[in-house]
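Hello,

Here is the structure I promised to pass on. My notes follow it.

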Amino acid sequence: MTLEFTQSQACTTGVELELQLLKSHDCNLARDAADLLARLGKVKHPGQVKPEITESMIELNSSIHTHYTALADELRTIRNVVVREAELLNLRVAGGGTHPFHQWSERRIYPTERFKHLLNLYGYLAKQFTVFGQHIHIGCPNGDDAVYLIHMLSRHVPHFIALSASSPFYQGEDTGFASSRLNAISAFPLSGTMPFVQSWDEFNAYFDRMYCFKIVESMKDFYWDIRPKPDYGTVEIRVCDTPLTVDKAARIAAFAQALANYYLTERPKRATRDIYLVYNYNRFQACRYGFAANFINAYDESHSSLGDDLIATLKLLAPYAETLESGSALNQLLDETAARRNDSYWLREQLKKSGSLNDVARLQSNLWMGKPERS
Amino acid sequence: MSNFDFLPILPLTLTPPLLFGLLLLLGLLGGEVARLFALPRITGYLLIGVLFGPGGLGVLSRDLIKESRVFVDISLGLILFELGRRLDYQWLRRNRWLFATAIAESAFAFWAVYFGLRYFHYEPAFAALAAAIGIATSPAVVLLVAHELRSEGQLTERMLLLTAINSVFAFFSVTMLLPFLLLEQHAGWEKTLLQPLYVTLGSLLTGFVGSYLVLRFAGWLGKREDRQFIMLVGMIVLTVGLARTLNLSVLVALLTLGILARNLDFGHKLMAVEFGHGGQLFFVILFVVTGAGLRFDALPQALFIAGVYIVLRFLGKALAILVFGRLSGLRPGAAGLLSIALLPMSGLAVVLVQHTSSFFPEFGARLSAVVLTAVALLELIGPLATQFALKQAGEAGERR
């Protein structure tokens, strides 16, 4: 079994956002995904909206973009349509990597064959998988480039985690983590990273072994942080929490796009196994402490604050963002990083102000729906 | 002086704690037996009430039922408040077709029953009052069946919203019809006009003041669920008591309290408190007592017309929901189920009939023969219908 890597234009990008559906009266998770999707199926909108593993989630997909501004515009357009239809059903929609207080045991699996199969296979993990991520696709001209880009992006996984972190609360408690969502994913047997292969042929040899063992049937079965998506011709970054706004989601996509532009244009470094020796340490630090995490650079063994390393990276990327016309997005990320403000910080602030997680859920849905509250 | 005066006097009297405990345990028993047959628990409570009530074994006499009034009032208060909180003005504002559904659902049920009864030669006043009472769905049944099934989704939400609205419509229709009846009887204008005005405005005002106090209290207490729970139960029971003492409508006062506590809470001070196990205690008693109060004595004569009444009421509601449901965003196939879910009729109707009877004893007796027979039948069918609809719609939670 070999996988053909579809050729696509380098550095094009598209995003998938997993979103929370909330009930209006208590802001707990709702179960109305099917009704909302049925309505959305009847109205015209760009991109796609799809079901996810439980009835409390939907997934919003953008189309393929070369420019950040077009991506941001399209995401806002889809957002507005989703919000309009959701409001007719008295539902709220929210970003954020986790719902602050839902109980996983109350979730119900969305009734499709694949999701039922996952429930069968993974048991309670499938329901605990009601967490919400942003996936970013980056186009690659060929499989070898994709493999190289994955190794290079792996160094930046902590950056993506700290930038997007929006899951401080889980099951009604403050976890102390900036992103608690990734803990739910680590439980899956096929999570982790792509093995240290150097070319698309090597990757195919690995995939073929796994296929022959009947461990996997397709790329979908790997829950890696970054995985190749040969049928789209992309590399898919999967570590981000869904940010609290679509604009933030677009900015993080612009960051990924600029990184890809830098690495595929300059080929500044070779892939080394050291990236994966420090990988889990760096990843955990980023989940736990966000920008304040300790970061180990695999190439020079130096330690620094993750925020500082991110600022240095963003400055390095500036010219590559300029050619993609996404300089403004990266500048804004730079400001947010300098101020050490991510969505987890904002969510904790809201809890301090309002005193209850129901209010936090309400405020985060107001933010995503583009309807900040009068105070 | 007897040497045995420390012994109680026989026969023993049922003191309130004895009564409360007895009703609870009997209800519990009925509920669990009902579960064995996959029936809703409240059907079990009701049947226990019927069995031990005046029409059955007679353990629960009419006097005892009166004694238990306070427990019934507390549980009705909790239910009406909770239902009022489900009436989301913002949803109606954004979804005009839903608003249209709510109006049509009440109106069509009224007209269907009205013309049906006219066809069978009932006089206009009688037909109108019976029809007005029929507008209402039982708040207690729909809310408790939804709770028991842990039902969630569009059908559940709409069922609760429509019930809140049709309860209000039923009350106002009856209140507005009464003056016409009074005029026919040549009553003085003071009574004709002032009485409905007093009840309506008084109840609304009581609910409004209550909701204002609830929100002030909640702001003062902060986001502490246990404190807010006690405060809410206190305010609810107080409002029930006040409405009773002032001869106002418990229904309107408590629904108003719930609706305003939700829709005037601009600062989001009130938490989404669930009544949980504490509420369950009162709900068991509510239904046992309701069961004991069911009237089957008129059943033989009134069976036919009560059947007609039930069918027409259902058709009226169903027509409205079939016409407007899809437009308001209800998924295909759900309209029929929603109509079935709205079938239950209960305590509220009994109250409205009694309300009428207090003005017109003779008229009231004929009215209760028809309406209360329909209520008795629907108490038995209604919870099953709602349970069936919610399960069929796939909105019931997974069984634990």
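**What I found**

This is a predicted model, so keep that in mind throughout.

Start with helix 14 of chain A. Its buried residues are Leu357(A), Asn358(A), Asp359(A), Val360(A), Ala361(A), Arg362(A), Leu363(A), Gln364(A), Ser365(A), Leu367(A) and Trp368(A). That is 11 of the 12 residues in the helix, so helix 14 of chain A is largely enclosed by the rest of the structure. What do these buried residues of helix 14 of chain A pack against? Their partners in chain A are strand 1 (13-23), strand 4 (91-94), strand 6 (169-170) and helix 13 (343-354). The length of the helix checks out too. At 1.5 Å a residue, residues 357-368 should span 16 Å, and the end C-alpha atoms are 16 Å apart. Just after helix 14 of chain A comes Gly370(A), with a positive phi of about 75°.

Glu87(A) lies in helix 2 (residues 68-88) of chain A. Glu87(A) has 20 C-beta neighbours inside 10 Å, so it counts as buried. From Glu87(A) to Thr98(A) is 11 residues in sequence and 21 Å in space, C-alpha to C-alpha.

Glu52(A) sits in a loop of chain A, between strand 2 (48-51) and strand 3 (57-61). Glu52(A) counts as buried because 20 C-beta neighbours fall inside 10 Å. Beyond its neighbours within four places in sequence, Glu52(A) is in contact with Glu18(A), Met57(A), Ile58(A), Glu59(A) and Tyr110(A). Thr13(A) is 39 residues from Glu52(A) in sequence, and their C-alpha atoms are 21 Å apart.

Now chain B. Look at helix 14 (residues 299-324) and helix 17 (residues 361-392) of chain B. Their axes come within 8 Å and cross at roughly 75°. That makes the two helices of chain B roughly perpendicular. Helix 14 of chain B brings Leu299(B), Gln301(B), Ala302(B), Leu303(B), Ile305(B), Ala306(B), Tyr309(B) and Ile310(B) to this contact. Helix 17 of chain B meets them with Ala369(B), Val370(B), Thr373(B), Ala374(B), Leu377(B) and Leu378(B). By class, the contact has 12 nonpolar residues, 2 polar and no charged.

Ile305(B) belongs to helix 14 of chain B. Is Ile305(B) buried or partly exposed? Ile305(B) counts as partly exposed, because 18 C-beta neighbours lie inside 10 Å and the cut-off for buried is 20 or more. Leaving aside neighbours within four places in sequence, Ile305(B) is in contact with Phe120(B) and Val370(B). Gly116(B) is 189 residues from Ile305(B) in sequence, yet 9.5 Å from it in space, C-alpha to C-alpha.

Helix 17 of chain B has a bend of about 40° at Glu379(B). A proline, Pro383(B), follows within four residues. Helix 17 of chain B has 32 residues and reaches 43 Å from its first C-alpha to its last, close to the expected 46 Å. After this helix comes Gly394(B), with a positive phi near 75°.

Last, the interface. In chain B, 18 residues are in contact with 19 residues of chain A. Two elements of chain B give two or more residues to the side that touches chain A: helix 5 (89-94) and helix 9 (154-184). By class, that side of chain B has 9 charged, 6 polar and 3 nonpolar residues.

Best wishes

How values were computed:
Residues are numbered from 1 along each chain as its sequence is written. Chains are lettered from A and ligands numbered from 1 in the order in which they are written. This is a predicted model: local features need pLDDT of at least 70, side-chain atom pairs count only at pLDDT 80 or more; totals for chains, interfaces and linings use all residues. Two residues are in contact if their C-beta atoms, placed from the backbone, lie within 7 Å. Ala, Val, Leu, Ile, Met, Phe, Trp, Tyr, Cys and Pro count as nonpolar, Asp, Glu, Lys and Arg as charged, and the others, Gly among them, as polar. The expected span of a helix is 1.5 Å times one less than its number of residues. Axes are lines fitted to C-alpha atoms, for helices over the stretch in contact, and angles run from 0 to 180 degrees between N-to-C directions. Angles under 35 degrees count as roughly parallel, over 145 as roughly antiparallel, 65 to 115 as roughly perpendicular and the rest as oblique. The bend at a residue is the angle between axes fitted to the seven residues ending there and the seven starting there.
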